[in-house]
Amino acid sequence: LSSLGDVKKAIDLYFLAGVNHIFYHGTAYSPKDAPWPGWLFYAAVHFQPTNPQWKDFHVLNEYITRVQSFLQNSKSNNDILLYYPIADRYSQPGVSMGPLLQHFDGMERNFEKTDFEHISRWLLDNGYSFDFFSDRQLQSFSVQNERVLTGGNRYRTILLPGNKLIPEASFQKLVALARDGATILVYNELPDDVPGLALHDKRRELLTKAIDQLHLKRYSDSAQGAEVGKGAFYISLDLRGLLMLGSARHSDANTGLSILHRVNNDGQVYFVNNRSDKAIDQWVKFQGTGKVPAALFDPMTGHYGMAKSRYDNQGNLDIWLQLQPYESIIIQTFVKPAKAKPYAYVTTTGNPIPVNGPWRILFLDGGPSLPDQYMFDPLRSWDELRDEKAKNFSGTARYYCEFETAKESMTDYLLDLGIVHETAEVFVNGKKIATLIGPTFQCVIPASALQPTNKLEIIVANLMANRIAYMDRNNIPWKIFYNTNMPARKRENIKNGLFNASDWKPLPSGLLGPVTLTPARIE
């Protein structure tokens with residue numbers, strides 16, 4: 001049930017978490033003569049030629065390739081090392097260590113309503129970049145020029161997230177790092193006990209002795225701290241003020257942007273993803289860059305150029321970003337002078353013009369059988385047709401209409417397809433303009449592609465779900481597996497103990513619009 005746009009949104013989360021190499025786990029080999037939908041693997045995506053979206057799969061792969069080319073050629077440049085308080089989670093009573101071993105693969109299931117979850121989300125929402133670290137990793141940390149070194153990366157500060165437990169060896173290491181010049185930040189209060197029961201009293205005594213070395217002094221109503229050798233400990237409930245003491249950089253908050261910060265031989269690298277439902281068209285601040293040139297790279301289209309930028313009095317870099325919901329951009333700054341064409345920003349110069357049709361639809365490929373041709377005015381999902389073949393259809397269809405442009409004012413246009421289920425190829429007067437996989441379906445039609453009267457064609461692919469549901473309703477076998485049954489995740493999809501889609505209602509399919517053209521200037 002996943003569109004390529006859904007997969008793109010999920011993969012962006014991996015990129016933001018620091019993953020730089022994507023594998024499509026479990027994609028099954030399927031012989032060409034295997035009945036539709038081919039051989040499947042129940043726990044994986046179904047990226048095969050039988051998937052209607054297969055023809056557009058290359059766009060997702062090209063996007064991933066372009067992002068990975070930057071991420072694999074750079075290293076982390078985050079500012080904050082955030083302690084992962086696994087001992088606090090282990091100490092909580094519950095059934096997680098019963099029949100199923102607890103998996104630590106997501107914040108939601110492991111640290112709900114904890115200071116650790118609160119701090120992690122606050123850091124993300126306020127533009128701070130950080131990495132988690134464990135007790136074992138901590139023992140390999142060192143300090144150079146007031147920066148914490150680990151894994152070839154340099155961090156400005158270490159942050160303890162209000163954890164109650166910490167091994168005595170870990171806290172002793174933090175004190176040693178502070179003596180060498182590190183800044184240790186503590187949210188709310190210091191831990192007060194060690195995990196586990198083995199030699200508990202002795203280990204707790206060692207922790208207490210290490211804490212007593214700090215000689216804490218109150219700096220304000222909300223903060224206290226202690227100088228330790230060349231470095232210091234600071235404790236506060238005020239996260240923003242605490243991070244200022246640790247000199248942590250951040251990007252503009254409240255923009256809806258999520259940012260991964262890296263560095264390569266050319267300069268700074270930022271992977272920026274708009275994870276909000278609102279478009280971004282504004283200046284965004286990137287602290288601590290200095291007065292350097294910057295370029296923008298659009299990993300979805302391959303377009304690139306020098307960014308529109310400016311600097312504030314502190315030498316921080318502001319870049320003008322235009323990002324649709326869930327769209328991404330890569331920023332590369334340069335330590336040396338760099339020259340390239342300006343990045344092509346889109347400036348609308350008029351109001352959206354509806355493309356009302358009438359729209360003709362021709363079903364091209366798919367099954368269980370091809371529906372008849374239809375005319376839409378206005379557009380709607382093809383599952384709403386009074387045609388059982390259309391309700392059951394999974395495949396591709398071509399939409400066609402004509403529109404006119406004024407002879408005396410030929411200009412570029414921003415085409416917005418509105419709602420699409422699920423991918424779209426755009427052709428104008430027989431020339432391919434773009435392949436769009438979502439979640440946003442927009443592209444620029446250059447003036448050079450336009451005539452006074454124009455033919456607009458949109459080839460749309462939907463999901464496999466409607467055909468799968470048809471097969472289950474008609475008891476047509478499709479679950480071809482070697483060594484597993486097909487369990488249902490949701491109770492309503494269970495029949496005879498296995499997954500069954502016969503009760504599914506048809507999912508929306510095709511071009512739903514509204515389709516608009518907006519005069520635009522590309523500069």
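Reader: Helices here are DSSP runs of H or I with at least four residues, numbered from the N terminus. Which helix do Glu117 and Arg121 lie in?

Author: They both lie in helix α5, residues 115-125. Four residues separate Glu117 from Arg121, about one turn of the helix. Keep in mind that this is a predicted model.

Reader: How far apart are the closest N and O atoms of Glu117 and Arg121?

Author: They are 3.5 Å apart, and the pair forms a salt bridge. Side chains of opposite charge can pair when their charged atoms come close.

Reader: Why does Glu117 count as buried?

Author: Its relative accessibility is 14%, and buried means under 20%. Arg121 counts as partly exposed because its relative accessibility is 37%.

Reader: How many salt bridges does the structure hold?

Author: The structure holds 17. One of them joins Asp12 to Lys8, with the closest N and O atoms 2.8 Å apart. Those two residues lie in helix α1, residues 4-16, and are also four residues apart, about one turn of the helix.

Reader: Are Asp12 and Lys8 buried or exposed?

Author: Both Asp12 and Lys8 are buried.

Reader: What about Lys285, which residue does its side chain meet in a salt bridge?

Author: The side chain of Asp312, at 3.0 Å from N to O. The pair links distant parts of the chain, 27 residues apart. Lys285 is in strand β14 (residues 280-286), while Asp312 is in the loop between β17 (309-311) and β18 (317-323). Asp312 has a relative accessible area of 18%, so it is buried.

Reader: Which residues do salt bridges with shared partners join into one network?

Author: Lys55, Asp56, Glu425 and Lys432.

Reader: Change of topic. What does the secondary structure of the chain come to?

Author: It comes to 11 helices and 34 strands. The chain has 523 residues, and buried residues make up 49% of them. Its C-alpha trace spans about 80 × 65 × 40 Å along the principal axes.

Reader: Of the contacts between residues at least 6 apart in sequence, what share joins residues at least 24 apart?

Author: That share is 72%.

Reader: And the accessible surface of the chain, what does it come to?

Author: About 26,800 Å², with 51% belonging to carbon and sulfur atoms.

Reader: Which residues form a nonpolar patch on the surface?

Author: Tyr29, Trp39 and Ile480 do, with about 330 Å² of accessible area together. Ile480 sits in the loop between α11 (465-473) and β31 (494-495). It counts as partly exposed because its relative accessibility is 32%.

Reader: Now α8. Which of its residues are buried?

Author: His200, Arg203, Leu207, Ala210 and Ile211. Looking down the axis of α8, these buried residues fall within an arc of 100°, so they line one face of the helix. Asp201, Lys202, Glu205, Lys209 and Asp212 are exposed on the other side.

Reader: How many residues does α8 have, and how far does it reach?

Author: It has 13, residues 200-212, and reaches 18 Å from first C-alpha to last, close to the 18 Å expected at 1.5 Å a residue.

Reader: What covers the buried residues of α8?

Author: The cover includes α7, residues 168-179. Among the buried residues of α7 are Phe171, Leu174, Val175 and Leu177. The end C-alpha atoms of α7 are 17 Å apart, which agrees with the 16 Å that its 12 residues should span at 1.5 Å a residue.

Reader: What is the phi of Lys113?

Author: It is near 60°, a positive value in a residue other than glycine. Lys113 lies in the loop between α4 (107-110) and α5, and it is exposed, with a relative accessible area of 84%.

Reader: And Asn188, where is it found?

Author: In the loop between β8 (183-187) and α8. Asn188 is partly exposed, with a relative accessible area of 29%.

Conventions: Residues are numbered from 1 along each chain as its sequence is written. This is a predicted model: local features need pLDDT of at least 70, side-chain atom pairs count only at pLDDT 80 or more; totals for chains, interfaces and linings use all residues. Side-chain values use heavy atoms; hydrogens and water are left out. Patches are made of residues with over 30% relative accessible area and no salt bridge: like charges are joined within 9 Å, nonpolar side chains (Val, Leu, Ile, Met, Phe, Trp, Tyr) within 5 Å. Accessible areas come from the Shrake-Rupley method with a 1.4 Å probe; for residues, only the protein chains shown count as cover. A salt bridge is a side-chain nitrogen of Lys or Arg within 4 Å of a carboxyl oxygen of Asp or Glu. Buried means under 20% relative accessible area, exposed over 50%, partly exposed in between (1.4 Å probe, protein chains only). The expected span of a helix is 1.5 Å times one less than its number of residues. The arc is that of the directions from the helix axis to the C-beta atoms. Contact means heavy atoms within 4.5 Å.
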